[in-house]
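Take the aromatic rings, the nonpolar cores and the charged pairs in turn.

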Amino acid sequence: RFPGRAIPYYEMGLLYETINDRVNAIKYLTQAIDLNPNKEQYRLAVYSIAQSIAKEADEDSRRQDFNSAIPKYIEAISYYPEFTQAYFQIAKAFYSLGDYKQAKSYLLQCLDLNPNQLQPLMMLATIYKKMKDSVSAEKYYRKAIEVDSNSYKAHFRLGTLLINQDLDAARQSLQKAADIKPNYYNAHETLGIVNMQLGKNDEAIENFRNTIDILGEKSSKRYKSLYLLADIFNGKESYATARDYALSAVDIKENGGAANYHLGVAYKNLGERYLAKNAFERASKDKDWRASAKYELDLMKK
């Protein structure tokens with residue numbers, strides 16, 4: 001009787017939604033929107049249906065059933081093309097499956113709708129990093145920082161990306177991450193590694209000690225910072241201090257190649273040849289330290 005009125009189509013859409021007939025619900029709601037495109041209520045009804053489908057997809061994703069989740073996200077997007085969160089979630093699903101090309105495609109669509117979204121920018125940068133496109137990765141990490149200058153993860157990931165390109169720039173980004181989140185041990189430890197490469201050993205010592213303090217005495221994650229401190233103090237010829245740090249690292253990983261190698265260097269220079277030999281022998285069992293340890297053992301035989 002009233003074919004030009006939008007409200008009957010809207011009500012019909014709601015009725016179909018109550019009996020879980022989404023296809024007809026969307027059909028009638030779309031007709032209501034066509035007749036009255038300025039009525040936000042009609043668009044919200046469509047968005048509500050899209051959200052319910054996306055929630056089902058989220059449950060599938062939590063169970064890592066991405067083959068079920070992906071078609072549902074696509075359905076939600078087909079009903080509500082401005083559904084940015086659905087674009088991001090489907091990108092996450094493809095990312096989890098290792099399909100970076102599809103993940104990148106949906107992230108770019110998501111950012112076309114709203115370029116100021118931190119999570120899609122971060123994921124896109126990470127994908128470019130995995131694809132060995134460091135220029136694009138840097139671009140999107142910097143965009144993420146523009147969106148949220150207090151994102152310590154964006155500063156940290158940019159810093160780790162720049163290590164092989166510009167150590168000074170990497171150092172600045174990592175320092176920023178540590179300043180924003182002082183208890184983020186990864187930032188302090190990685191900053192220490194960069195400072196070592198820059199020859200700033202005193203600053204590196206502070207970074208590694210900060211890492212150890214943040215992690216606490218019982219954390220096995222202290223291992224790297226401990227053996228790197230042993231390495232630095234061996235270089236400073238402070239062999240007793242190097243020995244103590246290396247022993248703490250060995251307590252965490254008894255046969256760790258790095259810890260035992262630096263312990264062997266400390267013992268050798270302290271005149272403890274027997275203990276040095278034992279440490280180098282343990283280090284030689286680690287393929288990454290085998291050559292260096294065997295070289296030291298050969299020197300001790302002469």
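**Side chains and their partners**

At 53% relative accessibility, D202 counts as exposed, where exposed means over 50% relative accessible area, buried under 20% and partly exposed in between (1.4 Å probe, protein chains only). The model is predicted, so local features need pLDDT of at least 70 and side-chain atom pairs count only at pLDDT 80 or more, while totals for chains, interfaces and linings use all residues. Residues are numbered from 1 along each chain as its sequence is written, and side-chain values use heavy atoms, with hydrogens and water left out.

D202 has a charged partner. The salt bridge (a side-chain nitrogen of Lys or Arg within 4 Å of a carboxyl oxygen of Asp or Glu) joins D202 to K236, with the closest N and O atoms 2.9 Å apart. K236 sits in the loop between α13 (223-235) and α14 (239-252) and D202 in helix α12 (residues 201-215), so the pair ties together parts that are 34 residues apart in sequence. Helices here are DSSP runs (H or I, at least four residues), numbered from the N terminus. K236 is partly exposed, at 37% relative accessibility.

The structure has 11 salt bridges by this rule. One of them joins the side chains of R63 and D60, at 2.4 Å from N to O. R63 is exposed, with a relative accessible area of 56%, whereas D60 is buried, at 4%. Another salt bridge is formed by D244 and R243, whose closest N and O atoms are 3.2 Å apart. D244 is partly exposed at 41%, and R243 is partly exposed at 27%. Salt bridges with shared partners also join D60, R63 and K72 into one network.

Next come the rings. A pair of aromatic rings is described by the distance of the centres and the angle of the planes. Rings of Phe, Tyr and Trp (its six-membered ring) pair if their centres lie within 6.5 Å; planes under 30 degrees apart count as stacked, over 60 as edge-to-face and the rest as tilted. There are 13 aromatic pairs in the structure. The ring centres of Y47 and Y80 are 4.7 Å apart and the planes are at 35°, so this pair is tilted. Y47 belongs to helix α3 (residues 40-62) and Y80 to the loop between α4 (66-79) and α5 (84-96), so that the pair links distant parts of the chain, 33 residues apart. Y47 is partly exposed, with a relative accessible area of 25%, while Y80 is buried, at 18%.

In F156 and Y184, the ring centres are 5.3 Å apart and the planes are at 80°, so the pair is edge-to-face. F156 lies in helix α9 (residues 152-162) and Y184 in the loop between α10 (167-180) and α11 (185-197), so parts 28 residues apart in sequence are tied together. Both F156 and Y184 are buried.

Ring pairs also link Y47, Y80 and F83 into a cluster. F83 touches Y47, A50, Q51, A54 and A76 (contact means heavy atoms within 4.5 Å), not counting residues up to four places away in sequence.

F83 is also among the residues with the most contacts inside the largest nonpolar core, which has 63 residues. Such a core is a set of buried Ala, Val, Leu, Ile, Met, Phe, Trp, Tyr and Cys residues joined through side-chain atoms within 4.5 Å. Helix α3 gives the most to this core, with eight residues. A second, separate core of 31 residues includes A230, A259, A276 and F280.

Definitions and conventions:
Helices (H or I, at least four residues) and strands (E, at least two) are DSSP runs, numbered from the N terminus.
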